[in-house]
Amino acid sequence: MTFEEYRRHDATALAELVRTRALKASEILELAIARSEAVNPKINAIIHPTYDLARKMADSITPDLPFAGVPLLIKDLLMEVEGLPMHQGCRGFKGYVSKQDSYVVGKYRRAGMLFLGKTNLPEFGLTPFTEPELYGPTLNPWDLTRTTGGSSGGSAAAVAAGITPIATANDGGGSIRIPASCCGLFGLKPSRGRVSLGPVAGELWSGAVSEGCVSRSVRDSAALLDLIQGDGLGELYLTQRPGRPYAEEVQATPPRLRIGFATTHTLGQQTEPECIAAVQHTAKLLESLGHEVEEVPLPYRKEDLTKIFVMMVFGEAAADVGELELFLGRKARPSDVEQSTWALYLLGRAYSALDFALAKRQWNEIARRAAAFHERYDLLLTPTLAMKPFVTGALQPTKQERLLIRIISTFGLKGLLRANVDELAEKIFAFIPFTPLANMTGQPSMSVPLYWTEDSLPVGSMFTANIGREDLLFQLAGELEKAQPWFERMPVI
């Protein structure tokens, strides 16, 4: 098999080649390694290559396993791999080595997947772009000057560049869907409780975080979710099992759906014309397939993000630094983390437990509002993002902002930091005004690559379903993939 032949196979097809003995797992693996060595120096997606481990796994593979011989990249956050480092993009965690596999990682092993390495991410997964100081930015294969999004930017860049057909990702505010949109991939965030984060992690980001993947084909994402779904011991959330495998849903024709679409920016800012065009294009495609589509007001409010979601981010960032202190065995210092992370840590300490708990209670009202929307509509369609992939570094703090953070850190002026929260929220959510809401409500949500700009940048369209309705999303995604295939559309790098 040549690389071009390898690239024309998704994970499901590669596993079939191994199952039928048409190829050995080791042959597929060497193609993935060669591709990694050729393009990773250009895009900086893989930060911990584990080629020797993958080769050992390939030598002992059982061909009949569901993903036998499929090379897999694992995001360096949440998913523990026994014996491998997990730095979470943070220099303070250098030296940390996982003592056990996460439940999901154990399922990957037992399914015959080969662990090719760990992928890059922003520190603690806190930003929607992948530019950590520890490992440097990951670059977008479609345009090396542009962002991959985040926080699963390393995984998305690697898949888009053809290193592996699939890579793990997790999503607490859009971190599967954002990089899927930026890199021209399919990415689905499962419902809350669909996939266990155990045993080391439990509820993260107040239940906002879900584990999944980014892939080039819908059927790969469906088959992987079939593999990893389910609970472990002591789960805080339990979600009803689907009636049939998601891999079968991809092949099923969806019913005639009633879909409400909106392109209005949640914060009242401007949604870029290319992102609006992507939704308009998708709406026309849906109508041609027989679905009912109409423009609707967003069931979200600005305050959902700028007052409520950010409060959780502040608290969780402070908790991230608190866990770092447990690892270090001492109080954290500003030098242990990035300057922006330290500012979020200070904000987490500046607000009270009352502030945090009150904001969390308001999540319930948002979920009820979303559920009421689905009394009338099967799905909500929006742009995945309000901007096309921006130039790397564009959302980093300015010199003035860095100076302000330094002054606040030095003199402990938390009140001054709180006074600038609105400006901070407006800057970040200008890019991601749509994705975090499904994290708050627990709904499944997917980004589908159906549109490219005139300068060949991918722009995703996002569909959000009622909680527990991944089946509906996979049915529609399979239909859209057949109507407008994207699998052969790949960047030249």
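Let's start with helix H6: its buried residues are Gly-153, Gly-154, Ser-155, Ala-156, Ala-157, Ala-158, Val-159 and Ala-160. Buried means under 20% relative accessible area, with exposed over 50% and partly exposed in between, using a 1.4 Å probe and protein chains only. Helices (H or I, at least four residues) and strands (E, at least two) are DSSP runs, numbered from the N terminus. Gly-162 follows H6, with a positive phi near 85°.

A word on the model. It is predicted: local features need pLDDT of at least 70, side-chain atom pairs count only at pLDDT 80 or more, and totals for chains, interfaces and linings use all residues. Residues are numbered from 1 along each chain as its sequence is written, and side-chain values use heavy atoms, leaving out hydrogens and water.

Now the loop between E3 and H6. Ser-151 lies there. A cis peptide bond joins Gly-150 to Ser-151, with omega about 5°. Phe-124 sits in that loop too. What is the phi of Phe-124 near? Its phi is near 60°, a positive value in a residue other than glycine. Phe-124 is buried, at 5% relative accessible area.

Next, the loop between E5 and E6. Pro-199 lies in it, joined to Gly-198 by a cis peptide bond with omega about 0°. Trp-205 is in that loop as well. Phi of Trp-205 is positive, near 50°. Trp-205 is buried, with a relative accessible area of 10%.

Last, charges over rings (NZ of Lys or CZ of Arg within 6 Å of the ring centre and within 35 degrees of the ring normal). Arg-192 lies over the face of Tyr-237, 5.7 Å from the ring centre. Lys-360 lies over Trp-363, at 4.8 Å.
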